Amino acid sequence: MAMHIGTILRSPTLFAIHILGIKPFPYQAEILEDDSEQIVIVAGRQSGKSMTLAIKALWTAFVKPNEDILILAPTQKQAQIIYDVIYGMISKSDLFKGHIKKFTMSETIFDNESHIRCLTVGKSGTFARGYSATMLIFDEAAFIPEEVFVSLEPAFAVRGKQMILSSTPYGKRGFFWQIYSQHLLNKDSKTKVHRFKSEENRILKKDFLIQERQRMTEVQFRQEYEAEFIDEVGLYFPIELVMRCAQDYEYGFPTEKEEGTRLIVGVDVARVGEDETAFVVVQKVPDGISKVIYAETHSQFKITDTAQFILRWLNTYSIDMVFIDMTGVGAGVVDILEQNFSHKVKGITFTAQSKSDMYSSIKIAMETNKLVVNRADTKFLYQFSGFTGKYDITGKLRITKSEIEHDDLVDALALTFSDDALYNVMPISNFNDYLNADKSKEDIAKWEVLKWTGDNTW
Ligand SMILES: Nc1ncnc2c1ncn2[C@@H]1O[C@H](COP(=O)(O)OP(=O)(O)O)[C@@H](O)[C@H]1O
Ligand SMILES: [Mg+2]
């Protein structure tokens, strides 16, 4: 029996099933039917958040007149992903034909004067001036800086009806956490929290989650797939610190190398049959800023695949150095590459101590604003929370090996810091020169503290 179209359009869930051909999971249906003024979605990766937001935005725009729906994501790429889902839904169904006034790659306007737009938050400040939204949707909200929410307040103040913040948790920090935790305390009636784990997505393969659980540390898994705001006490790289280094830019090699910069590649080679091989490329100004300009992981890469991969880069770009973890099978990769590029390839044998030293180089670079990571690479950002530091009886910080061995991207990044040892190391004897040089008091204080706690590379 065919359902009456009026009935279908009254419910976003029925709209999804009968018009879009998507059967929402129960927790998705709850969000779709929720008309609370403020909705907070705290859920694991791959649980169907973006899909839910897309359906909700489309239903609202199509069914209700004069809606101005603005979807915001931390990066252009993420904003585009969600808009593309909406675009696809509209293109696939005949229902929308004849009801569209404007249909572009970034904006849809229906004949009822309702708009849907997707933007990266980078552009929201300028866009929001003189604009008024009825519905604001933030995807990956934990990665959106607080200023963005503040700058959009006026845009929402006049006609705003519903605001949705959706994200996988990323630390007890930032606006997303504030809104969520305030609600826990006050239980205000205008806010509704929806919370679910990734395993509730029925189409997600069970094997995938089992694999991820093995690949990640306990802390990481709880955060990313069980949607927990983890307790950050003991995290070696505090999430706030990581986010301070995160900027918005596109990954890619420079077409021409900037003067005074070095291009350094770090490769963490996977053990046979396990793990992922990670490649991280850093643009470094000696004594200055290190910027991660590219990062990529591959599973099931053989030694020859890895060597081929690096060879292609060496032949294409003006790379200064490649550092390869040769603790395990990586030695084979180094052997192959040394045949033609011995001056540019260096194998590094990790010891617990050298690894710790490299991690603390990363941390110092973060604390002194000398590391830039890509805000869009959430896989990379999340890996930093896999590290817990413990102080041993002598007061020296030790990072426990068992907990860190699966953090391939951070390991690859750590390898790029070997370049300092070759190129711009600051020997202990120069420490006094450093202090006497033209540095701010805060800088000096920081270095002194670092020296004291033994939390440093020297
Ligand atoms: N109700 C559903 N039915 C079928 N597939 C779904 C459903 N919801 C989500 N998916 C699929 O599950 C995957 C993860 O969804 P997505 O919305 O991208 O998750 P998240 O934004 O939480 O990471 C996508 O491939 C998406 O198409
Ligand atoms: Mg998503």
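The legends below describe close-up views of a predicted model. Residues are numbered from 1 along each chain as the sequence is written, and chains are lettered from A and ligands numbered from 1 in the order written. Local features need pLDDT of at least 70 and side-chain atom pairs count only at pLDDT 80 or more, while totals for chains, interfaces and linings use all residues.

**Figure 1. Overview of the protein.** The protein has 20 helices and 17 strands; helices (H or I, at least four residues) and strands (E, at least two) are DSSP runs, numbered from the N terminus. Of its 458 residues, 40% count as buried. A residue is buried if 20 or more other C-beta atoms lie within 10 Å of its own, exposed if 12 or fewer, and partly exposed in between, with C-beta atoms placed from the backbone. Among contacts with a separation of 6 or more, 71% join residues 24 or more positions apart; a contact means that the C-beta atoms of two residues lie within 7 Å.

**Figure 2. Helix 2 (residues 12-20) against helix 3 (residues 26-33)**. The two helices pack at an angle of about 120°, with axes 8 Å apart. Axes are lines fitted to C-alpha atoms, for helices over the stretch in contact, and angles run from 0 to 180 degrees between N-to-C directions. Helix 2 and helix 3 are therefore oblique to each other; angles under 35 degrees count as roughly parallel, over 145 as roughly antiparallel, 65 to 115 as roughly perpendicular and the rest as oblique. P12, T13 and A16 of helix 2 meet A29, L32 and E33 of helix 3. This contact is made by 4 nonpolar residues, 1 polar and 1 charged. Ala, Val, Leu, Ile, Met, Phe, Trp, Tyr, Cys and Pro count as nonpolar, Asp, Glu, Lys and Arg as charged, and the others, Gly among them, as polar.

**Figure 3. Helix 2 against helix 4.** The axes of helix 2 and helix 4 come within 10 Å and cross at roughly 95°, which makes the two helices roughly perpendicular. From helix 2, P12, F15, A16 and L20 meet I55, K56 and W59 of helix 4. The residues of this contact are 6 nonpolar, no polar and 1 charged.

**Figure 4. The largest nonpolar core.** A nonpolar core is a set of buried Ala, Val, Leu, Ile, Met, Phe, Trp, Tyr and Cys residues joined through C-beta atoms within 7 Å. Of the 110 residues in the largest one, A57, I71, I86, I137 and V280 touch the most other members. Helix 4 (residues 49-63) supplies the largest share, 8 residues. Leaving aside neighbours within four places in sequence, V280 is in contact with G266, V292, A295, L409, A412, L413 and T416.

**Figure 5. Helix 17 (residues 408-416)**. This helix is largely enclosed by the rest of the structure, because 9 of its 9 residues are buried.

**Figure 6. S166 in strand 7 (residues 162-167)**. S166 is buried, with 24 other C-beta atoms within 10 Å. Beyond neighbours within four places in sequence, S166 is in contact with I41, K49, L53, F138, D139 and A141. The C-alpha atoms of S166 and A141 are 5.6 Å apart, although the residues lie 25 apart along the chain.

**Figure 7. Positive phi at Q300**. Phi of Q300, which is not a glycine, is near 55°. Q300 is in the loop between strand 12 (290-299) and helix 12 (303-316), and counts as exposed, with 12 C-beta neighbours inside 10 Å.
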